[in-house]
Amino acid sequence: MTMAVRADKEIGFIGLGVMGQPMALNMARAGTPLLVWNRSPGLCEPLREAGAKVAASPGEVFAGTEIVILMLATEQAIDAMLARGTADFATYVSGHIIVHMGTTSPGYSRDLQADIRAAGGHYVEAPVSGSRKPAEAGQLVAMLAGEPEAVEVVRPLLSAMCRDTVVCGAVPNALLMKLAVNIFLITMVTGLAESVHFAERYNLNLTQLAAVLDAGPMASDVSRIKLAKLVAGDFSVQAAITDVFKNNRLIAEAARDAKVASPLLDVCHVLYGETEAMGLGQSDMAAVLRAIEARTAKSRDA
């Protein structure tokens with residue numbers, strides 16, 4: 001298939017949530033001409049102020065652009081935006097590069113690529129590693145997969161929101177790489193929460209705990225940010241419990257499909273489910289501390 005799309009035209013961006021809005025803002029502030037749409041129109045206003053155009057519908061985005069970035073939370077939302085399964089799907093994707101930057105199952109992404117290519121379009125996976133704060137700072141890391149020519153068209157467009165991009169080969173390798181990265185992220189933050197809980201129960205000084213961890217060899221941007229939230233009891237969202245629980249599920253399913261053991265991840269999967277069941281789905285992932293605390297309380301009552 002000949003690559004006919006151009007990266008110098010307006011770029012479509014659909015999905016301006018916790019991650020999508022700061023990502024799109026960085027692109028707009030860097031001078032990328034954007035045409036944006038979001039289901040909740042109020043979230044478009046900062047983009048308008050930054051110089052982006054706001055579309056009245058998803059169809060207007062596809063009609064006015066050749067590259068469309070989707071930063072959407074679920075497979076159902078992606079299918080709805082693309083009108084997948086309807087006659088409009090081919091109209092939307094033909095002659096376009098569709099860039100999927102959210103996190104879905106690898107199998108879904110593989111099937112979506114097949115449908116888009118059959119309809120005359122191109123497809124690039126580009127999930128990112130990082131939460132809202134790195135998104136605001138333009139410090140995300142993108143993993144890309146797809147047709148090499150399409151990947152090379154898309155890659156430079158991500159520089160305003162990503163400090164690095166890594167090409168992972170064919171679809172769904174980028175999403176599989178994202179899941180592998182998230183095993184480390186999820187188990188690390190959960191371990192950090194358990195460390196704080198242990199120190200708290202022994203009446204240790206949490207400021208001193210933070211000083212030791214921040215000065216030591218295990219320190220990272222993630223550990224410093226999450227540790228500060230845990231010590232302060234600040235669970236304002238950067239990466240929501242519901243989203244982390246979904247990522248847990250996707251990793252667990254992929255591990256089972258490949259008959260791969262994932263013992264640490266499986267424990268985290270249960271803990272994040274317990275945290276969501278406590279009504280904390282829209283709290284930051286650091287709120288997994290509450291599930292650990294609940295287990296302590298239950299063991300003491302036994």
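## The second largest pocket

In this predicted model, two helices, α9 and α12 (241-257), each give at least two residues to the lining of the second largest pocket. The largest share is down to α12, with 6 residues. The lining comes to 16 residues in total, and those nearest the pocket's centre are Leu176, Leu179, Ile251, Ala254 and Ala255.

As for what sort of surface this makes, the lining splits into 12 nonpolar, 2 polar and 2 charged residues. The volume of the second largest pocket is about 260 Å³.

## Helix α12

α12 runs for 17 residues and covers 24 Å from first C-alpha to last, close to the 24 Å expected at 1.5 Å a residue. Its buried residues are Ile241, Val244, Lys246, Asn247, Asn248, Leu250, Ile251, Ala252 and Ala255. Ile251 and Ala255 turn up again among the residues nearest the centre of the second largest pocket.

What sits over that buried set? The cover includes α9, α13 (263-280) and α14. After α12 comes Lys259, with a positive phi near 55 degrees.

## Helix α11

α11 takes in residues 221-232, so to speak a 12-residue helix, and its end-to-end C-alpha reach of 17 Å is close to the 16 Å expected at 1.5 Å a residue. Buried here are Ser223, Lys226, Leu227, Lys229 and Leu230. Looking down the axis of α11, the buried residues fall within an arc of 160 degrees, so they line one face of the helix. On the face turned away from that buried side are the exposed residues Asp221 and Ala232.

The buried residues of α11 pack against α9 (173-201), α10 (206-215) and α14 (288-301). Just after α11, Gly233 has a positive phi of about 65 degrees.

## A look at Ile225

Ile225 is part of helix α11. Is this residue buried, exposed or partly exposed? Ile225 counts as partly exposed because its relative accessible area is 26%, which falls between the 20% limit for buried and the 50% limit for exposed.

Which residues does Ile225 touch, once neighbours within four places in sequence are set aside? Ile225 is in contact with Lys133 and Gln238. There's also Ala286, 61 residues away along the chain, with its C-alpha 9.9 Å from that of Ile225.

How values were computed. Residues numbered from 1 in each chain as written. Predicted model: local features only at pLDDT ≥ 70, side-chain atom pairs only at ≥ 80, totals over all residues. Heavy atoms only, no water. Helix = DSSP H or I, 4+ residues; strand = E, 2+ residues; numbered from the N terminus. Expected span 1.5 Å × (residues − 1). Buried < 20%, exposed > 50% of the residue type's maximum accessible area, 1.4 Å probe, protein only. Arc of directions from axis to C-beta. Contact = heavy atoms within 4.5 Å. 1 Å grid on protein atoms, 1.4 Å probe; cavity = no way out; pocket = protein on both sides within 12 Å on 5 of 7 lines; lining within 4 Å. Points joined across faces, edges and corners; volume = space filled by probe spheres on them. Nonpolar A, V, L, I, M, F, W, Y, C, P; charged D, E, K, R; others polar.
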